[in-house]
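Please keep the sequence and the model in view while I talk.

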Amino acid sequence: MNLYLLSLGCAKNQVDSEMMLGILSKKCDITNKPEEADLLIVNTCAFIDAAKKEAIDKILELSDYKKENAKLIVAGCLAKRYKEKLISLLPEVDRFISLDEYKDFAKIINSVTNSQFCEEDFDFINRYTLTPPYMQYVRISDGCFNRCAFCAIPLIRGNLVSRSIEDIVAEVKEAVSNGVYEINLISQDTTMYGLDLYKKISLIDLLESIIKLDGDFKIRLLYLYPDIVTDDLINLIKNNPKVMPYFDIPIQHSEDKMLKLMNRRGDKKLLLDLFSKIRKEIPNAIIRTTFIVGFPNEDEEDFKNLCEFIKKVKFDRLGAFTYSDEEGTKAHLMKNKIKKSIKQERYEKLMTIQNEIAYNLNKKYLNTILDDCFIIGYDEDSFLYKARNYAYASDDIDGVIYVASKKEHKLGDKLKVRVLDFDSYTLTGEEYE
């Protein structure tokens, strides 16, 4: 049986896809040509409108590829959030598999395909990884205790459910033994790890257990909530070279009024103090954040202050979204919604400001030597290798380092780079020996 699987959305969703493939790859031949597939699976995202539209478009696109007797399955967040509606709207789909049905994934596949070839359960170790050999996503928990007014994740994924430290350490150990260099710890709220399982926030306990493992590897933390980025966590990152000094802290807004409306903990002073402390303690730290523009009741003064906040903090990495009105969330019921044109205008202005900040921040790398880079690909147009280091996350948001080299390299090779040029989102240089 030929299998085609399309994974949409975030890295957390990708881990689910990898567990699906871990089960199915034992009995199926994986193809990248949907027209050849006997079984087509779309693992969907449903976080915001754009993600939902992409998912529907891809489902319809794959339904056109269905050959006779092929089966089309839709899994993931869209199936969880809108399953009953979708059954009637998308008769092309043979089965929707909601998140809470994953425990029965093998049985469902057997039923849909009228076969008995699937026997194994979802397992974080038994994965068919979709990442390059030098990196891996390790999902340490699912769901979230936060109830941000704009966010549909708790409606989809539910409350926080953490994996045990032993289970996570076993996965990391296995990955490192297979040559993985970059371990990306991910969840909806990584800083809250363990609260459900151990009745206390246990991220530091987890990190200390992982750090003890032998091997040449680095840990990257993604998705940290600002008010629980503690002094102890900052000190651990500062004093342990196995943990990359990379702080991905989505804060959504700077203004107290907006943070309160968004149901976010903390305030402007807390945020300014936190970023100042990180930079004082770890001068080479990278700080990445995310903002929402056009949230209900955001007026011109709020947006102006947000822009001034960005200019003051000078984030190394910054992403932004225009507010997406999601049914079932608290914000959906709010009045004073912002026009689409105004949201877009604010988004463009904010990103223009950040573009200039990023350009000026990258100036400091000119003529310096970066000694912790690793190869992630090759650009056929420029004849340059593509590389990353601790300052660039793996999700294609931060940019890359372009490298000229006289040597032939493979994925994951480590090298030093002398920086010769830069722009807002890339550095360009040559291999330094």
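In which sense do β15 and strand β16 (residues 400-404) pair, and over how many bridges? They pair in the antiparallel sense, over 3 bridges, and within that pairing A387 has I401 of β16 as its bridge partner.

Before I go further, a word on the basis of all this: the model is predicted, local features need pLDDT of at least 70, side-chain atom pairs count only at pLDDT 80 or more, and totals for chains, interfaces and linings use all residues. Residues are numbered from 1 along each chain as its sequence is written, and side-chain values use heavy atoms, with hydrogens and water left out.

As for terms, helices (H or I, at least four residues) and strands (E, at least two) are DSSP runs numbered from the N terminus, and two strands pair if DSSP finds at least two bridges between them.

Let me stay with β15 and place it in its sheet. β15 belongs to a closed barrel of 5 strands, which runs β14-β15-β16-β18-β17 with mixed pairing. Neighbouring strands of this sheet are turned by 55 degrees against each other on average, direction ignored, where the axes are lines fitted to C-alpha atoms, for helices over the stretch in contact, and angles run from 0 to 180 degrees between N-to-C directions. Strand β14 (residues 369-379) and strand β15 (residues 384-388) run antiparallel and are joined by 5 bridges, one of which has G377 facing K386 in β15 as its bridge partner. On the other hand, β16 pairs with strand β18 (residues 426-432) in the parallel sense over 5 bridges, and V403 finds its bridge partner in G429 of β18.

For context, most residues other than glycine have a negative phi.

N114 sits in the loop between α4 (105-113) and β6 (135-139), and at 73% relative accessibility N114 counts as exposed.

Turning to another sheet, there is an open one of 3 strands in the order β11-β12-β13, with parallel pairing. Its edge strands are β11 (246-248) and β13, each of which pairs on one side only, and neighbouring strands of this sheet are turned by 15 degrees against each other on average, direction ignored. Strand β12 (residues 286-293) and strand β13 (residues 317-322) pair in the parallel sense over 6 bridges. The chain crosses from β12 through helix α12 (residues 300-313) to β13, in a β-α-β crossover that is right-handed, meaning that, with the strands pointing away from the viewer, the path from the first strand over the helix to the second runs clockwise. Along the pairing, R288 stands opposite R317 in β13, and V293 stands opposite T322 in β13.

Helix α1 (residues 11-24) has 14 residues and reaches 20 Å from its first C-alpha to its last, close to the 20 Å expected at 1.5 Å a residue, the expected span being 1.5 Å times one less than the number of residues.

The structure holds 2 cavities of 30 Å³ or more, a cavity being, on a 1 Å grid over the protein atoms alone, a set of points where a 1.4 Å probe fits but cannot get out, while a pocket is an open set with protein on both sides within 12 Å along at least five of seven lines, and lining residues have an atom within 4 Å of a point. The largest cavity has a volume of about 60 Å³, and its lining includes I286, R317 and S424.

Methods: Grid points are joined across faces, edges and corners, and a volume is the space filled by probe spheres set on the points. Buried means under 20% relative accessible area, exposed over 50%, partly exposed in between (1.4 Å probe, protein chains only).
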